[in-house]
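Dear colleague,

I am handing over the structure below, and I would be grateful if you could look through it before reading on. My notes on what was found in it follow directly after.

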Amino acid sequence: MIKTRIYSLLLTLLLIPLSLQSQITFRTQELKRLATTLKVDTAVLFEGYNQVVSKGTPLTIHVKENVVDHIGRQMFPEDIRTADRTPIFDFLERYFLQLQYPPVVKSASNMIRDDQFQFLKGNLKTAASILPTDAFDYAYDHSRYTATWSRDGIALLSVSFPAEYQLISGENKIEAELHLQADIQNATVAHDSLPAKGSYSEYINGEFTNRLYFADGQLLISDAHPAETTANIMLCQQAPGDYMLNIKQVLYGFNKQEFRVPLRQWIAFCQHSGCKLYYGIEDISENGDIRAVVLAVNEAENYNHVLTVDIPADIISEQQGVIPSHLYSYVPTHNVRSLFATFKKSNKKTFVKQ
């Protein structure tokens, strides 16, 4: 009897951590508010996209590693999300749900006004009648999105809204910044194929580029070409070597947090979150140390992560080392363009032929 009771007690103790680990949390306070308002039973949720009905409203809820990062009115089938990974699917589902159940401090009409959200055809009642099977199309002009739903060839609902990160993500700047460290550290490193040689683009004023450099068909890593080598290291997961990025993240209110991640994981995070990386050298010292800027450009949500780096010369020869950096996250694109419009290398170098 005693052995049985001890065994039961031990089993209970072992199960407690598993139970705690499985508890659902919410990425933002607004998602938690919506779930509470709609009385969502989080016990039935599983990893990935869930389709549930609450208070007569069909919902799409996404769970990643026990964290709810999306709740919205169900408007899109899962296959369309797979075909096009635009963030506006989640935004539109969540925003129409927020308009249906607005926060106490703000009415739906005030939300629409403040967010510069426009109904071009139809209204909130029309949105409630949209089915996942309805045809959907959207357009983007780098400042605003236009989204339209049709049925049997007839447009039912059309809306327009700004391409702004805080609006589309549903996260305010403080929430987004505080999540960033975990988002980077949890990014999965996957070695994608190299872009074709000769295929690259420039950003802002031509001083920032995503160009990679090759020698004998391989990515160039050479003490003789520090500019080209560091471009490869900062832009490409496949660059030879083992580098760590020491990040001092500048937060809202001039607070800071510091953490260290493999450089490849930072690159993977940027790529997975829809950012294109561009590299610009500010200065090369006499001993070969490089000061540079990496811009992680998200065109879909109109923001940049700005990473300033000081790359020691010896990491090229050793193919390993720590790169000190400062990170300014979720900076609106127009601010970055203004800031770097006159960016120039103070010590230009001749780049090798690609």
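**Findings**

Q271 counts as partly exposed, because its relative accessibility is 33%, where buried means under 20% relative accessible area, exposed means over 50% and partly exposed is in between (with a 1.4 Å probe and protein chains only). The place of this residue, Q271, is in helix α10, and Q271 and N298 are 9.6 Å apart in space, C-alpha to C-alpha, while being 27 residues apart in sequence.

Before going further, please note that this is a predicted model, in which local features need pLDDT of at least 70 and side-chain atom pairs count only at pLDDT 80 or more, whereas totals for chains, interfaces and linings use all residues. Residues are numbered from 1 along each chain as its sequence is written, and side-chain values use heavy atoms, with hydrogens and water left out.

As for the chain as a whole, there are 12 helices and 18 strands in it; helices (H or I, at least four residues) and strands (E, at least two) are DSSP runs, numbered from the N terminus. The chain has 354 residues, of which buried residues make up 41%. Among contacts (heavy atoms within 4.5 Å) between residues at least 6 apart in sequence, 57% join residues at least 24 apart.

Returning to helix α10, 7 of its 10 residues are buried, so this helix is largely enclosed by the rest of the structure. The buried residues of α10 are L263, Q265, W266, I267, A268, F269 and C270, and just after the helix G274 takes a positive phi of about 85°. Helix α9, which spans residues 226-235, is mostly covered, with 10 of its 10 residues buried; among them are E228, N232 and M234.

Cysteines deserve a separate word. If a disulfide is a pair of cysteine sulfur atoms within 2.5 Å, the count comes to 0 disulfides. C270 is in no disulfide, and the nearest cysteine sulfur, that of C275, is 5.4 Å away. C270 counts as buried because its relative accessibility is 0%, and C236 also counts as buried, at 6% relative accessibility.

The interior can be described through its nonpolar cores, each being a set of buried Ala, Val, Leu, Ile, Met, Phe, Trp, Tyr and Cys residues joined through side-chain atoms within 4.5 Å. The largest nonpolar core has 45 residues, of which I184, M234, L245, L263, W266, Y279 and I323 touch the most other members. Leaving aside its neighbours within four places in sequence, I184 is in contact with I247, F259, V261, Q265, W266, F269 and L327. A second, separate core of 24 residues includes Y95, M111, V159 and L167.

There is also a pocket to look at. On a 1 Å grid over the protein atoms alone, a pocket is an open set of points where a 1.4 Å probe fits, with protein on both sides within 12 Å along at least five of seven lines, and lining residues have an atom within 4 Å of a point. About 1,800 Å³ of space lies in the largest pocket, a volume being the space filled by probe spheres set on the points, which are joined across faces, edges and corners. Of the 45 residues that line the largest pocket, the closest to its centre are K64, D69, R85, H272 and S273. Helix α4 gives the most to this lining, with 4 residues, and the elements that each supply at least two residues include β3 (57-64), α8 (173-185) and α10 (263-272). The residues of the lining divide into 17 nonpolar, 14 polar and 14 charged, where Ala, Val, Leu, Ile, Met, Phe, Trp, Tyr, Cys and Pro count as nonpolar, Asp, Glu, Lys and Arg as charged, and the others, Gly among them, as polar.

Phi of D152 is near 55°, and D152 lies in the loop between β7 (144-151) and β8 (154-162), where D152 is exposed, with a relative accessible area of 75%. Phi of Y330 is near 50°, but Y330 lies in strand β18 (residues 320-332) and is buried, with a relative accessible area of 10%.

Lastly, T25 is found in strand β1 (residues 25-26) and counts as partly exposed, at 41% relative accessibility. Leaving aside its neighbours within four places in sequence, T25 is in contact with N66, V67 and V68.

With kind regards
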